[in-house]
Amino acid sequence: MGKKWVRLLLPAAMLMLLSGCLFRPPDELYRRPEKSAGYDQLVSAIREVRTGLEAKYGVSGEDAVIVSGENTATIQLQDLDGDGYRESAVAFIRVPGVEKSLKIYVFTQVDENYMVTGIVEGDGSAIYSVDYVDLNGSGYKEVVVNWQVSTGVYQLGAYTLDELAIEVAKGGGEKKETASALPVKQSDLAATELLLTGCSAAVDNSSYSSGYRLIDIDQDTRTEIAVVRIDSAGPGSEVEVYGWRDGGFESLSSVSLSNGIVNLNRIRANYLSGAYYPPALYISCTLADGSRTVEVVAYQEVEGKRKKQLVNLSLDQDGVSENRLQGYAGMDPTDVNGDVVLELPSLKSLPSYGDSPASNFWLVDWSHYNENGQREKVMTTYHNLTDGWYLEIPEDWEGKITISRNDSLSGSGQRQVIFSLWQGEDVPPQPFLSIYKLAGSNRAARAEEEGRFILREEDDIIYAARFYDCPWDCGLEINDLLTKNFQTIQASWYN
């Protein structure tokens, strides 16, 4: 009898516990989330600014478009004074047809209201990207803006609000006698321009990113701006670094990129290998013949020079990067061994037997640059970009293997890559290992076929492998594939 009452009372108790959710009035269930404190005041302040601009210029204002980067919202909350609180709001407005049509307004919360404490203006059709960073070591962040003047034409500007922020901190904002967001003299709120220079944009397939990077490349604890300019009509492509020195913001150094570059694809800030991991820039570009280069730029002492300068570690005697790839899309610098330093790929073809087009199969040698500017080999892999995995190749395999594919069952969700011992052009290769990518409802059953073992399961995919009887000892065991040599390729994000 006791068990019967438990069965009856338990559901009732659960309903009582859930009643706060299940039995709330319908109006409460469909109520919109509450607005954050100060939201209405901020919206009112931005509306007041836009109304003033429209009255001044006689045209309607609109939200400025921010094309690229991490900060693309038309209203952004920022901690510009570095105190850990996002008390500043940044709004982006475009007033078509006027000089300096792109306007960035910085609002700071004073008591319960928002007031304008800084204005940045520029020319263009849109803002390509915007960042906030301390460039002079004052503790206050500067605003770095890449203005899109027109398609393919960009101007990079850096602006400081330090003096304006100090006035607000001293209570300058409390001198206002009205609730207006704007003072009478808006010219007093203009940010100080530290830099305005040409800048390229990076375009890699359908991915877009800015042609500059923020990096402390000289390791003085202040952030510098590295700007890339591509001269597609000549040998003038370069990267130039600007930073704070002797009380001003100026060019610290510049260095040439490869001759013949026609397009900038991507810039990454990373390191060189070594005891202290010196910072470096990895700049991917496209040459006129369609091949890709990776330029490795660091800030180093140069023999015969009294001070450090930018050095392109990758240029060969012909003025072109030694890191070149052609015909193997998708191979980018990658931290393939997990040491936080990017490795760069170079390809080497495999021998082919009979009609098998082994020219479609390549091994990839991965190398990185050390703090002395020397290139060092790290490992060799076979990368299967189509199936999303790669295999670290043991040193003993090099010069002894070939690779083929069996796609006869690809329609049923099975893709197979076969590693074989190379025995010469006139002798059939001897298979010793297969790796499978299995999809479909029967993938688990196919992964357990005779001799196969599972390497990894990811969502609706199973990766499996099988060793064959072969007189040659390849040196790998199941454990090696499960724990080290076999890896899936993870999608990379732009830095």
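1. Buried here means under 20% relative accessible area, exposed means over 50%, and partly exposed covers what falls in between. The model is predicted. Arg452 has a relative accessible area of 15%, so this residue counts as buried under that cut-off.

2. Arg452 pairs with Glu449: their side chains meet in a salt bridge, with an N to O distance of 3.4 Å.

3. The structure has 15 salt bridges in total. Side chains of opposite charge can pair when their charged atoms come close. Another of these pairs is Arg229 with Glu240, whose side chains form a salt bridge at 2.8 Å, N to O. The two residues are 11 apart and the pair links distant parts of the chain, with Arg229 in strand E13 (residues 224-229) and Glu240 in strand E14 (residues 238-245). Both Arg229 and Glu240 are buried.

4. Asp316 and Arg324 also form a salt bridge, and their closest N and O atoms are 2.8 Å apart. Asp316 has 26% relative accessibility and is therefore partly exposed. Arg324, with a relative accessible area of 40%, is partly exposed as well.

5. Cys199 is buried at 7% relative accessibility, and Cys285 is buried at 0%.

6. Ser420 belongs to strand E26, which spans residues 414-421. Is Ser420 buried or exposed? Its relative accessibility is 5%, so Ser420 counts as buried. Leaving aside residues up to four places away in sequence, Ser420 touches Lys400, Ile401 and Thr402, and also Pro429, Gln430, Pro431 and Phe432.

Technical notes:
Residues are numbered from 1 along each chain as its sequence is written. This is a predicted model: local features need pLDDT of at least 70, side-chain atom pairs count only at pLDDT 80 or more; totals for chains, interfaces and linings use all residues. Side-chain values use heavy atoms; hydrogens and water are left out. A salt bridge is a side-chain nitrogen of Lys or Arg within 4 Å of a carboxyl oxygen of Asp or Glu. Helices (H or I, at least four residues) and strands (E, at least two) are DSSP runs, numbered from the N terminus. Buried means under 20% relative accessible area, exposed over 50%, partly exposed in between (1.4 Å probe, protein chains only). Contact means heavy atoms within 4.5 Å.
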